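Morning, everyone. Let me put the structure up, and then we will go through its pockets and its sheet.

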Amino acid sequence: MLAKLLGNNHIKDAFKQMSAKERVPRSLLFVGESGVGKKLFALELAKTFLCQNPTDFQACDSCSACKRATKFNFPTSTEKDDNEKMFFSEHADVGFIRQAGKFITVKQIRELEREANFRPFEGKARFFIIDNADKMNEQSQNALLKTLEEPAATTYIFLITSRPMSLLQTIRSRCQTIRFAPINADEIEQCLLADGKISQDDARLLSQLSLGSIGRAKSLDLDKFRDQRDKMMKVLHGIYKQNRAVLLRTTEEICDAKLKDDYETYLIILQTLIHDVWSLKLGSANIVNVDVSLQLRGLAAAFTSKSLANSMTEIETLRENLTVNLNKKIATDNLFLKMANF
């Protein structure tokens, strides 16, 4: 049922009205940050059409069609050979495409085009979901255009992406865009507590770190995060105390080849800490790292707003430059020493 999904109530209300008037668009583009529920929403919307006992234009979640519609048997491998096809749920009218290796291929889109011309097997319509639609290359997108232009009367196509501008304008213009907003932190906290597996303090921290994404909140490893954050707290203290040895030693730690996949995460955490210090300095209690607020309050008096702003800019510049081949150790040493001199 759409009602069980977190946040974005305006979208639920809009689709309820569209369903009542039988005016749901054939091609929809679901846009929003990863983990805000776009894919779940697409599947729930499909269920409203397939449900054998709908109530007030919502799926019952208990009939055979509802139970089968969202059950997929995806391969655990992400290799191209294992994924270059259309996956159907246990309900034959719900198809799903995900990237095969690095991209969504023309072969997958051709299969969607073929399947989209068939009449429903048992429901009122057929539904095809393209996850991470921005992973279609230009050839794949061009192959999809004809199907979007002339969809069968019983076919719905849902494109899901967090990067809509990576899609051709011709693709975007043929779909009605539905924008998903980040989920309220309080709603995420209550959802996490409902599972009964974590403490209230941890649920609150995760809800703040999630940036409005329930998916991110559920997947984040708090122990690992706290370890990474401790290193970045050392950086802030090292900057405040002008301790070059601490700064250079921390650079060695986070630039270790074994931690190469975590490097940008460290920068993001450092940005978040600086933003929290800045917020506290300006008198706002709205911070992300609520569990270390006392330490951050102590640091707030040590920095000027100008130095914090300059530090944020330098970190963002380094993150943008990660797309080119740079020496991370030299770049990080330079960053930390610059921040110590602001």
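**Pockets and sheet**

The second largest pocket holds about 510 Å³ of space. This is a predicted model: local features need pLDDT of at least 70, side-chain atom pairs count only at pLDDT 80 or more, and totals for chains, interfaces and linings use all residues. Residues are numbered from 1 along each chain as its sequence is written, and side-chain values use heavy atoms, with hydrogens and water left out.

Terms, quickly. On a 1 Å grid over the protein atoms alone, a pocket is an open set of points where a 1.4 Å probe fits, with protein on both sides within 12 Å along at least five of seven lines. Lining residues have an atom within 4 Å of a point. Points join across faces, edges and corners, and the volume is the space filled by probe spheres set on them.

Helices here are DSSP runs of H or I, at least four residues; strands are runs of E, at least two; both are numbered from the N terminus. H2 gives the largest share, five residues. By class, the lining divides into 10 nonpolar, nine polar and seven charged. Nonpolar means Ala, Val, Leu, Ile, Met, Phe, Trp, Tyr, Cys and Pro; charged means Asp, Glu, Lys and Arg; the others, Gly among them, are polar.

Now the largest pocket: about 620 Å³. Its lining has 22 residues, with Leu 209, Leu 211, Arg 216, Ile 268 and Thr 272 closest to the centre. Helices H10 (214–219), H11 (222–240), H13 (263–281) and H15 (305–320) give two or more residues each. H13 leads with seven.

Next, the sheet. Six strands form an open, mixed sheet, in the order S2-S3-S4-S5-S1-S6. Strands pair if DSSP finds at least two bridges between them. The edges are S2 (87–88) and S6 (176–179), each pairing on one side only. S2 pairs antiparallel with S3 (94–97), over two bridges. Phe 88 stands opposite Gly 95 in S3.

Two helices to finish. H1 (9–20) packs on the sheet, touching S1 (27–31) and S6 (contact: heavy atoms within 4.5 Å). The direction of H1 makes about 145° with that of S6. Axes are lines fitted to C-alpha atoms, for helices over the stretch in contact, and angles run from 0 to 180 degrees between N-to-C directions. H6 (138–149) also packs on the sheet, touching S1, S4 (126–130) and S5, at about 135° to S5.
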